[in-house]
Amino acid sequence: MAKDFDPHRLDIRRFADEGAVLEGTDPLVRYRRLGAETEAVAGREVHWRARGEMLNPHHVQPQVWVHVEADATLPLVCQRCLNPVEVPLAVNRSFRFVADEATAAAEDDEAEEDLLALSHSFDLLELVEDELLMELPVAPRHEACPVDVKMSATDPAFEAAGAQKEHPFAVLGRLKASK
Ligand SMILES: [Zn+2]
């Protein structure tokens, strides 16, 4: 039964052996590192799901896998117009668990999948948070910024507006001359 499993202290081998599934929806505020990326955590949620799988169970060295999916939508600041932009993050990755950190490091170059060290009390939600953090865009942007924003000097309306505005020194010069 999945109820036996604590996502913060997961026995990975047993989770895989039982082909168990865990999922949950948590307030974003519980994910402090992810929440620090946005100022509006209220009402935001992180949804995640993990499934354990043992491949070649009868082999001498069966493969322990955990498949992780997660998603969240964060309000970030658009780097083009500086207005808020809703950025959906989605993770869908599979991890193979090996005996220890040394094995993971040794096999990492050849393995196409992500390798992690087996643990009896693995923090699955920390992994979920790590993976979501990696999905954060370096420079979040609207696909199309709100239309009322003048964002570029090549915008003809923007250039026309600029041309009509008198240079402040020209105004100052006239004020001095009229004294
Ligand atoms: Zn924008």
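Modeller: Terms first: a salt bridge here is a side-chain nitrogen of Lys or Arg within 4 Å of a carboxyl oxygen of Asp or Glu. The model is predicted, so local features need pLDDT of at least 70 and side-chain atom pairs count only at pLDDT 80 or more, while totals for chains, interfaces and linings use all residues. Residues are numbered from 1 along each chain as its sequence is written, and side-chain values use heavy atoms, without hydrogens and water.

Biologist: OK, how many salt bridges does a search of the whole structure find?

Modeller: I'll take a few of them pair by pair, and the 2.6 Å contact (N to O) between arginine 93 and aspartate 114 is one of them. Searching the whole structure gives a count of nine.

Biologist: Take glutamate 129, then. Which residue does it form a salt bridge with?

Modeller: Glutamate 129 is in helix H4, and its partner is 96 residues away in helix H2, residues 32-35. (Helices, H or I with at least four residues, and strands, E with at least two, are DSSP runs numbered from the N terminus.) The closest N and O atoms of this salt bridge are 3.4 Å apart, and the partner of glutamate 129 is arginine 33.

Biologist: And which side chain meets arginine 33 at 2.8 Å, N to O?

Modeller: That salt bridge also involves an aspartate. This aspartate lies in helix H4 and arginine 33 in helix H2, so the pair ties together parts that are 97 residues apart in sequence. The side chain at 2.8 Å is that of aspartate 130.

Biologist: Is glutamate 129 buried or exposed?

Modeller: Buried means under 20% relative accessible area, exposed over 50%, and partly exposed in between (1.4 Å probe, protein chains only). For comparison of labels, arginine 33 at 38% counts as partly exposed, and so does aspartate 130 at 27%. Glutamate 129 has 8% relative accessibility, which makes it buried.

Biologist: How do E4 and E5 run, parallel or antiparallel?

Modeller: Two strands pair if DSSP finds at least two bridges between them. In this sheet pairing, phenylalanine 95 has aspartate 114 in E5 as its bridge partner. Four bridges join E4 to E5, and the two run parallel.

Biologist: How many bridges join E3 to E4?

Modeller: These two run antiparallel, and valine 68 stands opposite arginine 93 in E4. They form a hairpin with six residues between them, where leucine 82 in the turn has a positive phi of about 65°. The bridge count for E3 to E4 is 14.

Biologist: Now the metal. Which residues are the protein donors of the zinc ion?

Modeller: Donors are N, O and S atoms within 2.8 Å of the metal (3.2 Å for Na, K and Ca), and water is not among the atoms, so sites may look incomplete. The protein donors here lie 2.0 to 2.3 Å from the zinc ion, and they are Cys78 (SG), Cys81 (SG), His142 (ND1) and Cys145 (SG).

Biologist: Last one: what relative accessible area does cysteine 78 have?

Modeller: Histidine 142 counts as buried at 14%, and cysteine 145 is buried at 12%. Cysteine 78 is buried as well, with a relative accessible area of 0%.
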